[in-house]
Amino acid sequence: MQNGVLWRKEARLVKKLAEAKNIDSATALSIFFASNTHKLLLQPETGLQLMSDGYILEDLLNELR
């Protein structure tokens with residue numbers, strides 16, 4: 001996945017995380033970058049980059065529980 005496409009996916013995920021957790025974007029960004037889901041998203045071999053935003057968000061929310 002090209003860096004620009006991945007960057008936009010990350011931005012959408014941070015926005016959706018902020019909405020789901022009712023937190024501000026800066027806090028959501030910090031949580032997202034510290035998560036294991038983000039680490040996996042950066043590794044193309046995991047295939048996570050190919051999953052929908054909703055799927056990845058659900059994975060992230062499960063990680064945070």
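Guide: Let us begin with histidine 38, which is in contact with Glu10, Phe32 and Phe33 when its neighbours within four places in sequence are left aside. Contact means heavy atoms within 4.5 Å. This is a predicted model, in which local features need pLDDT of at least 70 and side-chain atom pairs count only at pLDDT 80 or more, while totals for chains, interfaces and linings use all residues. Residues are numbered from 1 along each chain as its sequence is written, and side-chain values use heavy atoms, with hydrogens and water left out.

Visitor: What is the mean pLDDT of the chain?

Guide: The mean is 95, and 98% of the residues reach 70 or more; pLDDT is the predictor's confidence in each residue, on a scale from 0 to 100. Confidence is lowest in α1, at a mean of 94, and highest in α2, at 97.

Visitor: Why is histidine 38 called buried?

Guide: A residue is buried under 20% relative accessible area, exposed over 50% and partly exposed in between, using a 1.4 Å probe and protein chains only. Histidine 38 has a relative accessible area of 8%, and therefore it counts as buried. Its place is in helix α3, a helix being a DSSP run of H or I with at least four residues, numbered from the N terminus.

Visitor: What makes leucine 60 buried?

Guide: Its relative accessible area is 1%, so leucine 60 is classed as buried. Leucine 60 lies in helix α4. Apart from neighbours within four places in sequence, leucine 60 is in contact with Leu17, Phe32, Ser35 and Thr37. The C-alpha atoms of leucine 60 and lysine 16 are separated by 11 Å, although these residues are 44 residues apart along the chain.

Visitor: Why does lysine 15 count as exposed?

Guide: Lysine 15 has a relative accessible area of 54%, and so it is exposed. Lysine 15 is in helix α1. Its C-alpha atom is separated by 17 Å from that of glycine 4, eleven residues apart along the chain.

Visitor: Which residues of α1 are buried?

Guide: The buried residues in α1 are Leu6, Lys9, Glu10, Leu13, Val14, Leu17 and Ala18. What covers them includes α2, α3 (36–41) and α4 (53–64).

Visitor: How do you know that the length of α1 agrees with its number of residues?

Guide: The expected span of a helix is 1.5 Å times one less than its number of residues. For the 19 residues of α1 this gives 27 Å, and the end C-alpha atoms are 27 Å apart, so the two values agree.

Visitor: How do α1 and α2 pack?

Guide: Helix α1 (residues 3–21) and helix α2 (residues 25–34) pack at an angle of about 115 degrees, with their axes 8 Å apart. Axes are lines fitted to C-alpha atoms, for helices over the stretch in contact, and angles run from 0 to 180 degrees between N-to-C directions. In this contact, Glu10, Leu13, Val14, Leu17 and Ala18 of α1 meet Ser25, Ala28, Leu29, Ile31 and Phe32 of α2. These residues divide into eight nonpolar, one polar and one charged.

Visitor: Why is asparagine 22 called exposed?

Guide: Its relative accessibility is 71%, so asparagine 22 counts as exposed. Asparagine 22 lies in the loop between α1 and α2, and has a positive phi of about 55 degrees although it is not a glycine.

Visitor: What makes glutamate 45 exposed?

Guide: Glutamate 45 reaches 65% relative accessibility and therefore counts as exposed. Its place is in the loop between α3 and α4. Glutamate 45 and leucine 61 are 16 residues apart in sequence and 22 Å apart in space, C-alpha to C-alpha.

Terms used
Helix = DSSP H or I, 4+ residues; strand = E, 2+ residues; numbered from the N terminus. Nonpolar A, V, L, I, M, F, W, Y, C, P; charged D, E, K, R; others polar.
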